[in-house]
Amino acid sequence: MSTRTLQAVIPSIAASDGAGVKLRRSLGQAQHVRVDPFLMLDEFYSDDPDDYLAGFPDHPHRGFETVTYILDGHMLHQDHLGNRGDLKSGGVQWMTAGRGIIHSEMPQQSEGRMRGFQLWINLPAKEKMKAAGYRDLQASDIPEVALGQGKVRLIAGTYEGKKGAITGGSTDATYLDVHLPAGATFRHALPDGHNVFLYPYEGELGVGGKPLRRQAAGVLSTKGDVEVTAGKDEARFLLLAGKPIGEPIVQYGPFVMNSVQEIEQAIRDYQNGVLVG
């Protein structure tokens, strides 16, 4: 069986979002830096409360999904639908903005480490105006598979015949958090044609003899299995894969649609208080 090769590397850059939360952005640092269907990946990691206490106050979204994964810390999600979710270490918030949602994500700690990721996944045109939805997954809701001295956390998709917390959907997304012992090899079969990228957040990976450094997104080729090897230290990385949508993307801040006209409508709807419904 063939294996995928490393096609491009997207180093993350320092950025901020919300009310000033400091983070590192790989996908999404520019509007052409995407891996269809994935629009953006942010990593936030700080022991300094000044870097995260301002949080993400009320803000709108339309046309895509957001997935927030907390490694360390505690954030509270609230939205216009009345959903309220405590996002704690190891937990995931999977939100479908669809037609529109207004929500906030605010830290519930005044000190200590806040660490995690936010991923944006595009929706096809036929789903961009569907009703908004929300799933709150605690750490215990995320299946795990042992990997020698390491493990695989199955947020979405399947691994070794085991289903993740989320399966299906129009993009058939795979979201794995892999903890790989030093020098060990990880292999995973994915459908040909699905786009794949890796994001090491601890340690380094080797992909077909090429290095992939910490805090950089590695975009793989579209055919074959994923095969990577940890470096001299334990590696922890995200594996993201999905079926590409292949449609035009027009983004304006928190709105992601297929045309300028649809973006203008989203702005008008928000200004007129009818974004959600």
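# Reading the terms on this model

User: Which residues is Gly242 in contact with, leaving aside its neighbours within four places in sequence?

Analyst: Gly242 is in contact with Asp36, Pro37, Phe38, Thr171, Asp172, Ala173, His194 and Asn195, its neighbours within four places in sequence being left aside; a contact here means heavy atoms within 4.5 Å. This is a predicted model, in which local features need pLDDT of at least 70 and side-chain atom pairs count only at pLDDT 80 or more, while totals for chains, interfaces and linings use all residues. Residues are numbered from 1 along each chain as its sequence is written, and side-chain values use heavy atoms, with hydrogens and water left out.

User: What makes Gly242 count as buried?

Analyst: The word buried is kept for residues under 20% relative accessible area, exposed for those over 50%, and partly exposed for those in between, with a 1.4 Å probe and protein chains only. Gly242 has 0% relative accessibility, so it counts as buried. It lies in strand 24 (residues 235-242), where a strand is a DSSP run of E with at least two residues and a helix is a run of H or I with at least four, both numbered from the N terminus. The C-alpha atoms of Gly242 and Asp36 are 7.7 Å apart, although 206 residues separate them along the chain.

User: Why is the peptide bond from Asp36 to Pro37 worth a look, and what is its omega?

Analyst: That peptide bond is cis, with omega near 15°, and Pro37 is found in the loop between strand 3 (21-25) and strand 4 (38-46). Most residues other than glycine have a negative phi, and most peptide bonds are trans.

User: What is the phi of Glu160, and is the residue called buried or exposed?

Analyst: Phi of Glu160 is near 50°, a positive value in a residue other than glycine, and the residue sits in the loop between strand 15 (158-159) and strand 16 (162-163). Its relative accessible area is 62%, so Glu160 is called exposed. Gln215, which is not a glycine either, has a positive phi of about 60° and is placed in the loop between strand 21 (210-212) and strand 22 (216-220). At 16% relative accessibility, however, Gln215 counts as buried.

User: What makes strand 7 mostly covered, and which residues of strand 8 form its covered face?

Analyst: In strand 7 (residues 74-79), five of the six residues are buried. Strand 8 has Gly85 and Leu87 on its covered face, whereas Arg84, Asp86 and Lys88 make up the uncovered one. In a regular strand the side chains alternate between the two faces of the sheet.

User: Why is Val67 called buried, and which residues does it touch?

Analyst: Val67, found in strand 6 (residues 64-72), has 0% relative accessibility and therefore counts as buried. Not counting residues up to four places away in sequence, Val67 touches Val92, Gln93, Trp94, Phe117, Gln118, Leu119, Ile121 and Tyr175.

User: Why is the protein chain called as compact as a globular protein of that length?

Analyst: The protein chain has one helix and 26 strands. Its radius of gyration is 18 Å, close to the 19 Å that the globule rule gives for 277 residues, so the chain is as compact as a globular protein of that length; the radius is taken over C-alpha atoms, and the rule is 2.2 Å times the number of residues to the power 0.38. Of the 277 residues, 52% count as buried. Among contacts between residues at least 6 apart in sequence, 71% join residues at least 24 apart.
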